[in-house]
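Dear colleague,

I am handing over the structure we spoke about, and below it you will find what came out of a first look. Please read the notes with the model open beside you.

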Amino acid sequence: MTDRSVLHGIGVSAGTASGPAAVVTPPAGVDEAEPPSVDPEADGQRVREVLEQVAASLRERARHANSETSAAVLEATAALATDRGLIKGVAKELQKGSGPTRAIFDAVEVYAAKLRKLGGYMAERVTDLYDIRDRAIARLRGVAEPGVPALSRPSVLVAHDLAPAETATLDPALVRGIVTAGGGATSHTAILAAQLGIPAAVQVKGIHTLLASEGEVELAIDGGVGEVIVAPTPEDVAELKERSRRRAAALAGSSGEGATRDGHRVKLLANIGTAADAAQAAAADIEGSGLFRTEFLFLDREAAPSVEEQTATYAEVLRSFGTRRVVVRTLDAGADKPLSFADLGPEDNPALGRRGLRLSQAREDLLDAQLSALAASHKLVPEADLWVMAPMVTTVEETQWFADKARAYGLPRVGVMVETPAAAVRAKHLLALVDFASIGTNDLSQYTMAADRMQGELAHLLNPWQPAVLSMVRATCRGGEATGKPVGVCGEAGGDPLLALVLVGLGVTSLSMAPSRVGAVRAALRSHDIDTCRQMANFAEDAPTAADARAAVLALADPVLRDLL
Ligand code: PEP
Ligand code: MG
């Protein structure tokens with residue numbers, strides 16, 4: 001019998017749930033009793049076959065995935081399973097005399113080290129690579145593949161970490177919640193869980209004891225605040241249900257345009273990555289898209305997409321939104337999002353290297369193709385309210401270069417993202433040259449706090465409540481006020497209902513976020529007037545720490561806000 005305990009982690013997908021814990025099967029690991037390879041050729045063939053089988057089963061799951069994003073993640077993992085470099089690495093280990101499971105284990109380790117060195121998105125693929133390794137080893141050993149058990153009733157999944165390939169195929173009807181010991185707030189797992197609407201908490205301290213425990217354990221989870229109750233009492237479960245009910249009630253009354261209680265307008269927009277995302281978001285009560293991450297369309301492409309193909313995709317997105325605003329971001333490739341057709345070679349520090357607009361300057365042909373496709377799509381859908389912006393801008397020269405180019409293609413509204421302290425403190429000068437700015441708080445936090453956004457252990461520094469980050473937002477909004485130009489936020493911070501109040505108080509004029517967050521942010525705004533938002537902004541920016549900033553704002557907030565978090 002397990003004792004009741006309350007564990008804490010980072011909430012990454014709001015909602016509450018309870019149910020029996022379903023522990024994700026740990027990997028079998030290397031067969032320590034396996035004899036060394038005496039026929040590396042034959043063993044190599046066997047490993048190749050097994051890797052092919054793993055790839056085929058991943059592709060099969062991609063076919064049944066419940067969204068385009070999930071299918072793309074699975075396809076990408078399948079491609080990695082039959083990667084030539086990996087297969088060569090296994091052959092090398094077999095030649096050295098390792099048995100098949102040891103060979104695949106060691107070869108993957110060598111490959112993973114290379115990916116880690118590349119950093120960013122490539123480093124994130126290491127989780128996928130380990131997933132492939134564990135599945136292949138299980139097949140070689142003839143034991144059950146690790147991963148999510150077959151569920152016969154609704155359960156809460158518990159894992160060290162979940163591979164994106166696992167998360168992508170979860171059935172929300174059977175998986176009531178996800179609790180992991182590892183993982184980061186911007187990991188694939190977190191993004192996919194939110195997309196599937198499954199309450200989830202990552203980095204839950206103390207959950208590892210449960211992973212090792214035998215027998216059935218009940219769990220209750222609040223994925224909004226990141227709380228997990230082990231062996232909850234009936235009162236706990238009732239309290240969580242009540243929280244859910246209050247949340248639904250708080251959300252129920254809010255629809256339509258975003259505005260504070262006293263009518264200060266704030267456009268509420270959706271972040272999208274594909275035409276399917278656009279269609280889904282456009283069907284919701286949302287005022288348009290404030291960030292179309294176009295690089296998400298091409299992450300798995302070997303060759304640059306043609307102008308015709310891009311035109312068709314952009315036109316489809318514009319059509320979905322009718323006359324509503326669509327802010328398209330030009331390719332933000334490099335660092336955590338490398339595109340093979342736009343690879344400028346390895347860099348020691350990719351996040352500080354030629355990424356975003358810098359990459360577009362090195363590969364002007366790619367930007368030209370994209371701007372020309374955007375202009376063509378606008379001709380096909382002339383009623384669209386098309387805005388175009390560049391990522392990772394730091395100087396006036398870069399801004400001028402991009403604005404001249406975009407305007408030469410006849411694009412009606414041209415802007416820049418503010419993702420670096422340099423752009424924030426010089427916003428007035430940048431905005432003088434363009435029509436709008438949009439703050440990417442994910443990167444702005446990374447660069448202000450000098451903390452790699454992919455590193456889960458640095459979550460405390462990457463927290464957008466850090467007063468230093470808020471000062472950067474303030475500086476950008478001052479630039480907006482001085483030039484009379486709108487300043488939006490399109491990083492994850494905009495989807496936090498409490499922080500959204502602060503951002504609006506700092507002077508942000510639109511908020512773009514995961515579509516599932518819009519309801520809570522709208523309800524939060526409706527419950528506060530603009531003067532309160534401004535007061536919150538002052539308190540938060542003046543606070544000595546991120547925790548103090550959040551506490552000060554929560555103290556000023558309407559009690560309804562606690563139900564929206
Ligand atoms: C950001 O950095 O906040 C942003 C919106 O861009 P991305 O997350 O795609 O880097
Ligand atoms: Mg960014």
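**The barrel and its surroundings**

In this predicted model, eight strands form a closed barrel in the order β9-β10-β11-β12-β13-β14-β15-β16, and their pairing is parallel. On average, and with direction ignored, neighbouring strands of this sheet are turned by 25° against each other. Helix α11, made of residues 307-321, packs on the sheet and touches β9 (267-272), β10 (288-293), β11 (325-329) and β12, while its direction makes about 160° with that of β10. Helix α21 (residues 518-526), for its part, lies across β9 and β16 (510-513) and runs at about 160° to β9.

Beyond its neighbours within four places in sequence, Thr-394 is in contact with Arg-358, Thr-420, Ala-422 and Ala-423.

**The magnesium site**

The magnesium ion (ligand 2) is coordinated at 2.0 Å by Glu-419 (OE) and Asp-443 (OD). Glu-419 lies in the loop between β13 and α15 (421-425), whereas Asp-443 belongs to helix α17 (residues 441-449), so the pair ties together parts that are 24 residues apart in sequence. Both Glu-419 and Asp-443 are buried.

Key
Residues are numbered from 1 along each chain as its sequence is written. Chains are lettered from A and ligands numbered from 1 in the order in which they are written. This is a predicted model: local features need pLDDT of at least 70, side-chain atom pairs count only at pLDDT 80 or more; totals for chains, interfaces and linings use all residues. Side-chain values use heavy atoms; hydrogens and water are left out. Contact means heavy atoms within 4.5 Å. Two strands pair if DSSP finds at least two bridges between them. Helices (H or I, at least four residues) and strands (E, at least two) are DSSP runs, numbered from the N terminus. Axes are lines fitted to C-alpha atoms, for helices over the stretch in contact, and angles run from 0 to 180 degrees between N-to-C directions. Donors are N, O and S atoms within 2.8 Å of the metal (3.2 Å for Na, K and Ca); water is not among the atoms, so sites may look incomplete. Buried means under 20% relative accessible area, exposed over 50%, partly exposed in between (1.4 Å probe, protein chains only).
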